[in-house]
Amino acid sequence: MPQLTVIVPVYRAEQYIQRCAQSILGQQAVDLELLLVEDGSPDRSGVLCDQIAAQDRRVRVIHRENSGASAARNVGIEAASGTYIQFVDADDTITSDYSAAMLEAVEQNGADLAIAGYTIVQGGVRSCFQAAAEMVISNRAELCRQFDQLYFGMLVNSPCNKLYRRELLCARFPEDVPMGEDLLFNMAYLQKVERVVLLRHGGYLYDKDNEDSATKNFTHNTPERMLQYCRSVLPFLEQNGDGEQEKRIFDRIIFHSLCNNLNVAARGSGDLKKQIKEYVEHPEVREAIQEADIGDFPRSKRLVQTLLRLGWTGVVAAGLRWKG
């Protein structure tokens, strides 16, 4: 049984999959298997996956009809045989010491989950997102106290900057939700863990130049769909935090998601002012706008909050269009 299974959902990835696989197979001092789940891709991805497998016995290919990235990842989980599981997107790469660093951190600290940093690569520019400090979080109550920092440090949502213990991985990626399946999956897993180790290692290289990727496509959503996504954190917060802490984090998450959705809407051709009004007229969103403590957010988001509190949706719409 290998120490690690790396799962890669593959769709429309003929330009990237060989580079991705090479980075995984080049991991130092790691006994691994690579599962390439080819999700009915119409390009040459499937052929390339078979060629990669023919050249390295550590690679297995699963061909299936197209069902989406979540379903592909779930197929990979079912087929995995490693003690630990890691996910990589087909257009991304990892540095040669990335998996070993995660495995060492988990095993030395008896942790159930490792959360590492990651590096966004766009237009030749690299931006690293990482925890403020490396640490071991010894229980879920402490994890809840650290949750705000991790969530707004952009470290919670993605499955790709994490190492999971397979025996605890009862959760699966939801296949029937329009957004937030990664967060739903991770929140379900967090309910199973006791010890979490944080690494500042930024060796996951996220290729943001390929925003057409099936695993990176973000679409504008209705207020209720956005809130469904936000509510996915509530069971964890309710069970492991206190009421005041839960409310503060939840309001911040709603407002953060609102800003993200409005930025996406601003890049479309719809009536942006009308869309903004739909959000602010929803009671939960309106309450978050009024009460969210976002003093540490960027100035642009604090300005949006002020303008929405004043009811100046037209000014917000004009500003977002100009920015976009």
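Which residues line the largest cavity? I put this down first, with a note that the model is predicted.

**Cavity**

I searched the whole structure and found one cavity of 30 Å³ or more. The space in the largest cavity is about 70 Å³. Its lining, I noted, is made up of Leu113, Ile115, Leu143, Phe147, Leu150, Val156, Lys162, Asn186 and Leu190. I then looked up which elements give two or more residues to this lining, and they are β6 (113-115), α5 (140-152) and α6 (181-190). The most comes from α5, which gives three residues.

**Cysteines**

I counted disulfides next and got zero. Cys160 is in no disulfide, and the nearest cysteine sulfur belongs to Cys20, 9.3 Å away. A disulfide needs the two sulfur atoms within 2.5 Å. For Cys170 the value is 54%, so Cys170 went down as exposed.

**Salt bridges**

Side chains of opposite charge can pair when their charged atoms come close. My count of salt bridges came to 19, and I looked at some of them one by one.

Arg58 pairs with Asp56, with the closest N and O atoms 2.9 Å apart. Arg58 is partly exposed at 25% relative accessibility, whereas Asp56 is buried at 18%.

Which parts of the chain does the pair of Glu78 and Arg172 tie together? The two side chains meet in a salt bridge at 2.9 Å, N to O. Glu78 lies in helix α3 (residues 69-79) and Arg172 in the loop between β10 (162-165) and α6, so the pair joins parts that are 94 residues apart in sequence. I have Glu78 as exposed at 58% relative accessibility and Arg172 as partly exposed at 30%.

Arg231 forms a salt bridge with Glu224, and here the closest N and O atoms are 2.6 Å apart. Arg231 is partly exposed, at 27% relative accessibility; Glu224 is partly exposed too, at 39%. I also recorded one network, in which salt bridges with shared partners join Asp148, Arg248, Arg252, Asp293 and Asp296.

**Surface patch**

Last, I looked at the surface. Leu310, Trp312 and Val315 form a nonpolar patch there, and together they have about 310 Å² of accessible area. I located Trp312 in the loop between α12 (299-309) and α13 (313-323). Its relative accessibility is 46%, so Trp312 counts as partly exposed.

Technical notes. Residues numbered from 1 in each chain as written. Predicted model: local features only at pLDDT ≥ 70, side-chain atom pairs only at ≥ 80, totals over all residues. Heavy atoms only, no water. Patch = residues over 30% accessible without salt bridge, like charges linked within 9 Å, V, L, I, M, F, W, Y side chains within 5 Å. Areas by Shrake-Rupley, 256 points an atom, 1.4 Å probe, with all protein chains shown as cover. Salt bridge = Lys/Arg side-chain N within 4 Å of Asp/Glu carboxyl O. Helix = DSSP H or I, 4+ residues; strand = E, 2+ residues; numbered from the N terminus. Buried < 20%, exposed > 50% of the residue type's maximum accessible area, 1.4 Å probe, protein only. 1 Å grid on protein atoms, 1.4 Å probe; cavity = no way out; pocket = protein on both sides within 12 Å on 5 of 7 lines; lining within 4 Å. Points joined across faces, edges and corners; volume = space filled by probe spheres on them.
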